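The sequence and structure come first.

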Amino acid sequence: MTAILTHRPDQPFDLDRTLDCGQAFRWVKADGWWQGVVGGRAIRIRQEGDRLIYSGADEAFIRDYFRLDQDLPAILASIDRDPTIADAIRRCYGLRVVRQPPWECLVSYICATNTNIPAVKRRISLLSERYGSAIGGASWAAHTFPEPERLAALCHADLRDCRLGYRTDYVSSAAVFAAEHPGWAEQIAALPYEDARREMMRLRGVGPKAADCTLLFAFGFFEAFPVDVWIRRIVAEAYMPELRGRTCTPAEYDRIRLFARDYFGEYAGYAQEYLYCARPGPFPCG
DNA sequence: CCCCAGGTGAATA
DNA sequence: TATTCACATGGG
């Protein structure tokens with residue numbers, strides 16, 4: 001069953017930029033439709049102006065996942081502090097930070113260390129196809145993302161065969177942890193940002209970057225400002241010219257994220273995502 | 001052969 | 001506390 005959602009013209013939303021910017025890894029565009037799996041739902045969706053045509057989920061779920069009730073113009077106005085971020089806002093206007101399922105998001109960003117986006121997509125796709133559950137009724141071969149228990153039960157070789165490389169043990173131990181602590185996500189969500197961050201970083205393979213990405217993209221801690229090689233490059237050029245070299249030490253990571261939190265405000269995470277999407281890289285925001 | 005990619009952990013001084 | 005290095009994988 002296909003449904004139509006008309007969102008308010010004063011609440012901009014750009015589906016392509018939102019799903020193509022590298023925050024979520026399971027969406028594929030085919031024949032003008034975005035296809036993806038979120039929380040066990042096989043969703044198809046496309047945009048025509050201010051209308052969203054979709055199937056596989058109800059309106060409440062679509063609104064929640066894409067955060068359509070978040071006041072995006074107010075958020076963008078709050079971070080719009082200089083020509084650099086203004087240009088990123090102009091180029092990526094309508095991008096929204098989605099609300100990802102915590103477990104899948106955590107594994108995704110463990111899989112995203114020292115690699116590139118296509119490789120992350122491949123890993124998450126392989127994990128789902130091989131160890132997720134098939135979803136009936138979809139127009140394509142849709143699979144859920146495997147539960148922690150399923151991944152925790154796999155042998156090292158089977159997990160590594162999903163092209164996880166040296167991240168295999170990290171994903172495995174995170175799966176054991178999540179299976180043994182079913183309430184982990186609710187506990188993280190209930191903490192203040194800095195405490196939640198410390199807790200996340202207790203997991204093997206989860207450093208500042210993976211923690212901040214999960215906190216921003218799954219838990220909605222919008223003050224999180226993940227610093228990857230691209231963001232470091234952009235920040236060094238536009239805001240902190242004193243940064244030298246190309247490696248991001250822990251102390252330097254903290255300097256950058258605390259600067260950004262102070263400079264852009266409580267929605268620094270949105271500034272991060274717009275700067276990232278507008279980067280002069282392989283997937284620039286049109 | 002090289003370097004790079006949404007980094008992190010361990011060893012070392 | 002700050003450097004340095006290895007790590008699997010795939011693309012250019």
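## Basis

The model is predicted. Local features are reported where pLDDT is at least 70, and pairs of side-chain atoms count only at pLDDT 80 or more.

## DNA strand B

DNA strand B is surrounded by 26 residues, of which the closest are Ile117, Asp228, Trp230, Arg233 and Gln272. Sugar or phosphate accounts for 61% of the atoms of DNA strand B within 4 Å of the protein, and bases account for the rest.

For Ile117, a backbone N or O atom is 2.6 Å from a phosphate oxygen of DNA strand B. For Ala210, a backbone N or O atom is 2.8 Å from a phosphate oxygen of DNA strand B. A polar backbone atom of Thr115 lies 3.0 Å from a sugar or linking oxygen of DNA strand B. Helix H12 (208–217), helix H13 (229–238) and H15 are the elements that each give two or more residues to the surface near DNA strand B.

## DNA strand C

Around DNA strand C are Asn114, Asn116, Arg122, Arg163, Gly165, Tyr166, Arg167 and Ala251. Of the atoms of DNA strand C within 4 Å of the protein, 58% are in sugar or phosphate and the rest are in bases.

Side chains make polar contacts here with both base and phosphate atoms. Asn114 places a polar side-chain atom 2.9 Å from a base nitrogen of DNA strand C. Arg122 has a polar side-chain atom 2.7 Å from a phosphate oxygen of DNA strand C, and a side-chain N or O atom of Arg163 is 2.9 Å from a phosphate oxygen of DNA strand C.

## Nonpolar cores

The largest nonpolar core has 77 residues, and the members that touch the most others are Ile85, Trp103, Leu151, Phe264 and Tyr274. Helix H15 (residues 268–277) is the largest contributor to this core, giving seven residues. Residues up to four places away in sequence aside, Ile85 touches Ile79, Asp80, Tyr239, Phe264, Ala271, Tyr274 and Leu275. Another core, of 19 residues, lies apart from this one and includes Leu15, Val38, Tyr54 and Val98.

## Helix H9

Helix H9 spans residues 168–180, 13 residues in total. The distance from its first C-alpha to its last is 18 Å, close to the 18 Å expected at 1.5 Å a residue. Its buried residues include Thr168, Val171, Ala174, Ala175 and Ala178. Viewed down the axis of H9, the buried residues fall within an arc of 135 degrees, so they line one face of the helix. An α-helix has 3.6 residues a turn, so residues three or four places apart point the same way.

The partners of the buried residues of H9 are helix H5 (102–110), helix H7 (148–152), helix H8 (156–160) and helix H10 (184–189).

Ser128 belongs to helix H6 (residues 117–131). Ser128 is buried because its relative accessibility is 1%, below the 20% cut-off. A polar atom of the Ser128 side chain is 2.9 Å from the backbone oxygen of Ile124. Neighbours within four places in sequence aside, Ser128 contacts Arg26, His143, Thr144, Phe145 and Pro146.

Leu258 is part of helix H14 (residues 250–264). Its relative accessible area of 45% makes Leu258 partly exposed. Leu258 and Arg246 are twelve residues apart along the chain, and their C-alpha atoms are 19 Å apart.

Methods
Residues numbered from 1 in each chain as written. Chains lettered and ligands numbered in written order. Heavy atoms only, no water. Helix = DSSP H or I, 4+ residues; strand = E, 2+ residues; numbered from the N terminus. Expected span 1.5 Å × (residues − 1). Buried < 20%, exposed > 50% of the residue type's maximum accessible area, 1.4 Å probe, protein only. Arc of directions from axis to C-beta. Contact = heavy atoms within 4.5 Å. Core = buried A, V, L, I, M, F, W, Y, C linked by side-chain atoms within 4.5 Å. Near = heavy atom within 4 Å. Polar contact = N/O pair within 3.5 Å; in protein donor to acceptor, adjacent residues only side chain to side chain.
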